[in-house]
Amino acid sequence: MAKKLNLDLLNKVWALAEQGAKGERDAARNRAEALVKPHGYTLADVPDLLLTEGYLDDEPEPSAGGFTFYDMSNPAHQRAYARAERKKQAAWRMANRAKIDEVLTRYGSEEAVFAHTAEEKAYDAAIKPFHKKGKAGQCDTWDGEHFGPTAKVRAALATVKPWSNTIPDAIAEYEYWEKLHDDRNIADGNNQYNYLSQGADFRYWALGDLINKEIEARNISDVIIRLRFQEASQGTYNDSAAGASGIGLTQES
């Protein structure tokens with residue numbers, strides 16, 4: 001008769017199998033398999049076996065610095081992470097009820113907040129000829145790109161509305177899209193998704209590039225606006241040499 005499965009030992013071995021160095025992980029998995037095989041279990045059964053016996057159900061503990069590490073291979077940690085996120089979102093909603101109410105009142109309803117605007121629909125229609133659906137596990141693309149608009153996509157977007165040729169005008173349109181995104185994020189409880197339609201999102205990011213470096217600054221006021229935009233982007237846009245582009249200013253001057 002096989003001895004009773006030593007769950008304490010299995011738990012310690014499995015911890016190495018999940019978190020040890022590569023050589024340790026391989027050796028620990030072999031040891032774990034040897035421990036459970038006489039009892040009719042396979043290696044794939046180990047996580048569920050330990051979980052049902054009360055192991056792997058420990059809550060993740062914050063480190064000394066306050067950061068909590070979640071081992072997403074551990075079902076207990078997965079649940080703890082989901083609970084922590086729900087708690088965080090609930091706390092945000094409670095603290096920002098006035099902002100949420102203001103947005104919903106301004107738009108008239110939650111449905112209206114997320115309804116695509118006429119501009120979004122127009123931009124989506126303009127880039128539709130460039131759309132190619134991605135294969136399983138792959139992103140859709142527009143003219144072969146997913147994360148940013150190509151020159152052809154930019155040209156298509158310009159058929160709806162020409163690109164601004166001054167930094168203040170580009171900033172005004174950029175802030176319009178930023179405000180729409182922020183309103184939707186507030187109404188959604190700060191889930192931080194991408195709330196703009198694909199065409200509008202391409203327009204938004206292209207405007208950022210125009211402001212950052214592509215439009216020539218006409219005067220010192222434009223330079224200041226550009227530098228403030230770069231600073232506010234917190235590293236997304238940062239091209240100080242471009243700040244003085246077009247008016248004869250450089251970092252040395």
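Helices α8 and α10 are roughly perpendicular to each other, a label given to angles of 65 to 115 degrees, whereas angles under 35 degrees count as roughly parallel, over 145 as roughly antiparallel and the rest as oblique. Helix α8 (residues 151-158) packs against helix α10 (residues 198-214) at an angle of about 105°, with the axes 11 Å apart. The model is predicted, so that local features need pLDDT of at least 70 and side-chain atom pairs count only at pLDDT 80 or more, while totals for chains, interfaces and linings use all residues. Residues are numbered from 1 along each chain as its sequence is written, and side-chain values use heavy atoms, with hydrogens and water left out.

- Helices here are DSSP runs (H or I, at least four residues), as are strands (E, at least two), and both are numbered from the N terminus.
- Axes are lines fitted to C-alpha atoms, for helices over the stretch in contact, and the angles run from 0 to 180 degrees between N-to-C directions.
- On the α8 side the contact (heavy atoms within 4.5 Å) is made by Val153, Arg154, Leu157 and Ala158, and on the α10 side by Gly199, Phe202, Arg203, Ala206, Asp209, Leu210 and Glu214.
- By class, this contact of α8 with α10 has 6 nonpolar, 1 polar and 4 charged residues, where Ala, Val, Leu, Ile, Met, Phe, Trp, Tyr, Cys and Pro count as nonpolar, Asp, Glu, Lys and Arg as charged, and the others, Gly among them, as polar.
- Helix α10 is largely enclosed by the rest of the structure, because 12 of its 17 residues are buried, a term for under 20% relative accessible area, with exposed meaning over 50% and partly exposed in between (1.4 Å probe, protein chains only).
- The buried residues of α10 include Phe202, Arg203, Ala206 and Leu210, and these four also belong to the contact with α8.

**Helix α9 and its partners**

- The axes of helix α7 (residues 118-127) and α9 come within 12 Å and cross at roughly 110°, and the two helices are therefore roughly perpendicular to each other.
- Glu119, Glu120 and Tyr123 of α7 meet Glu173, Tyr176, Trp177, Leu180 and Arg184 of α9, a contact with 4 nonpolar, no polar and 4 charged residues.
- Helix α9 also packs with helix α11 (residues 220-232), at an angle of about 30° and with axes 10 Å apart, which makes α9 roughly parallel to α11.
- Ile167, Pro168, Ile171 and Tyr174 of α9 make this contact with Asp222, Ile225, Arg226 and Phe229 of α11, and its classes are 6 nonpolar, no polar and 2 charged residues.

- Glu173, found in helix α9 (residues 167-187), counts as buried at 7% relative accessibility.
- Residues up to four places away in sequence not counted, Glu173 touches Tyr123, Lys161, Ser164, Arg203 and Leu207.
- Asp222, placed in helix α11, is buried with a relative accessible area of 1%.
- Apart from its neighbours within four places in sequence, Asp222 is in contact with Ile167, Pro168, Glu216 and Ala217.

- Trp92 lies in helix α4 (residues 75-95) and, neighbours within four places in sequence left aside, is in contact with Ile100, Ile186, Gly189 and Asn190.
- Trp92 and Ile186 are 94 residues apart in sequence, and their C-alpha atoms are 9.6 Å apart in space.
- Asn190, in the loop between α9 and α10, has a phi near 65°, a positive value in a residue other than glycine, and counts as partly exposed at 25% relative accessibility.
- Gln192, which lies in the loop between α9 and α10, has a positive phi of about 60° although it is not a glycine, and counts as exposed at 55% relative accessibility.

**Helix α2**

- Helix α2 (residues 22-36) has 15 residues and reaches 21 Å from its first C-alpha to its last, close to the 21 Å expected at 1.5 Å a residue, the expected span being 1.5 Å times one less than the number of residues.
- Ala28, Ala32, Leu35 and Val36 are buried in α2.
- Seen down the axis of α2, its buried residues fall within an arc of 80°, so they line one face of the helix, the arc being that of the directions from the helix axis to the C-beta atoms.
- The face of α2 turned away from its buried side carries the exposed residues Lys22, Gly23, Asn30 and Ala34.
- What covers the buried residues of α2 includes α1 (7-19) and α3 (46-52).
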